[in-house]
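Have a look at the model, try each task, then read on for the steps.

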Amino acid sequence: MEQASAETAAEPHPGPGIPGPGIPGPGGPASRKPPQRHSVRGQILDALRDALVGGELAPGEVYSAPALAERFGVSATPVREAMQQLAGEGAVEVVPNRGFRVARRSARELAELAEVRALLEVPVMLSLAEAIAPERWAGLRPFAEATAVAAAKGNRAAYLESDRTFHQAVLSLAGNQQLVVVADELHRRAQWPLPGGQIVRTADLVADAAEHMALLDALAARDLDAVESLVRDHFNGGA
């Protein structure tokens with residue numbers, strides 16, 4: 001979770017463009033809300049991530065911090081800070097004196113990410129299958145169910161966030177926080193816009209979400225072949 005900065009989220013009103021968490025929709029009056037725990041930067045970062053996943057920020061296009069700030073009705077500083085973080089995650093590239101270019105993703109790059117994630121997570125999952133008591137996996141079912149709910153709504157941004165949460169919950173059982181951090185960074189890099197403007201259907205999300213429950217069943221059954229197959233297929237599917 002983002003730590004609050006000196007700036008506060010005092011109900012900014014956006015211009016036309018991308019609404020973000022806690023930011024009123026265009027044209028409507030700012031409603032009174034309790035103080036937000038997120039900083040303005042955190043809200044903008046969440047909204048930009050949603051826009052990247054949804055394709056509202058197009059791969060290859062350059063966006064300036066002042067222009068995005070005008071969309072959101074905030075100063076350029078939190079937008080610039082959020083975009084710098086996205087640059088560190090590989091989602092955008094800094095273009096000197098112009099702004100930030102949304103990274104283009106190739107099928108090869110996504111395949112490489114899937115391979116690296118499998119090299120990292122498959123051995124951990126197999127180890128967990130042997131080390132964790134079968135009944136403990138039931139405690140992770142709510143995380144899997146949350147991905148199914150988001151998938152059924154066809155909301156890719158919400159699905160991808162819940163998908164990351166599920167993987168974090170599973171990997172955290174290994175007791176290695178650095179593993180969770182590194183795996184999550186790779187996961188996030190794999191979630192940005194698909195190559196060629198490819199669209200993900202609701203049916204694809206639903207099928208992907210079903211793999212989470214199947215994985216928990218395989219882990220509980222200590223079926224190592226099924227665990228490895230499910231994890232590899234899941235990554236190759238882009239989740």
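**Exercise 1.** Is R141 buried, partly exposed or exposed?

*Solution.* Keep in mind that this is a predicted model. Start with the cut-offs: buried is under 20% relative accessible area, exposed is over 50%, and partly exposed lies in between. R141 has a relative accessible area of 28%. That value falls in the middle class, so R141 is partly exposed.

**Exercise 2.** Find out how R141 and D217 are paired, and where each one sits.

*Solution.* First, look at the contact: the two side chains form a salt bridge, with 2.4 Å from N to O. Finally, check D217 itself: at 39% relative accessible area, D217 is partly exposed.

**Exercise 3.** Now compare the accessibility of R164 and E161, and work out how they are spaced in helix 6.

*Solution.* The side chains of R164 and E161 meet in a salt bridge at 3.0 Å, N to O. Both sit in helix 6 (residues 156-172), and because they are three residues apart, about one helical turn separates them. As for accessibility, R164 is buried at 5%, whereas E161 is partly exposed at 42%.

**Exercise 4.** How many salt bridges does the structure hold, and which residues are linked in a network?

*Solution.* The count is 11 salt bridges. R49, E89 and R188 are joined in a network of them.

Note on methods. Residues are numbered from 1 along each chain as its sequence is written. This is a predicted model: local features need pLDDT of at least 70, side-chain atom pairs count only at pLDDT 80 or more; totals for chains, interfaces and linings use all residues. Side-chain values use heavy atoms; hydrogens and water are left out. A salt bridge is a side-chain nitrogen of Lys or Arg within 4 Å of a carboxyl oxygen of Asp or Glu. Helices (H or I, at least four residues) and strands (E, at least two) are DSSP runs, numbered from the N terminus. Buried means under 20% relative accessible area, exposed over 50%, partly exposed in between (1.4 Å probe, protein chains only).
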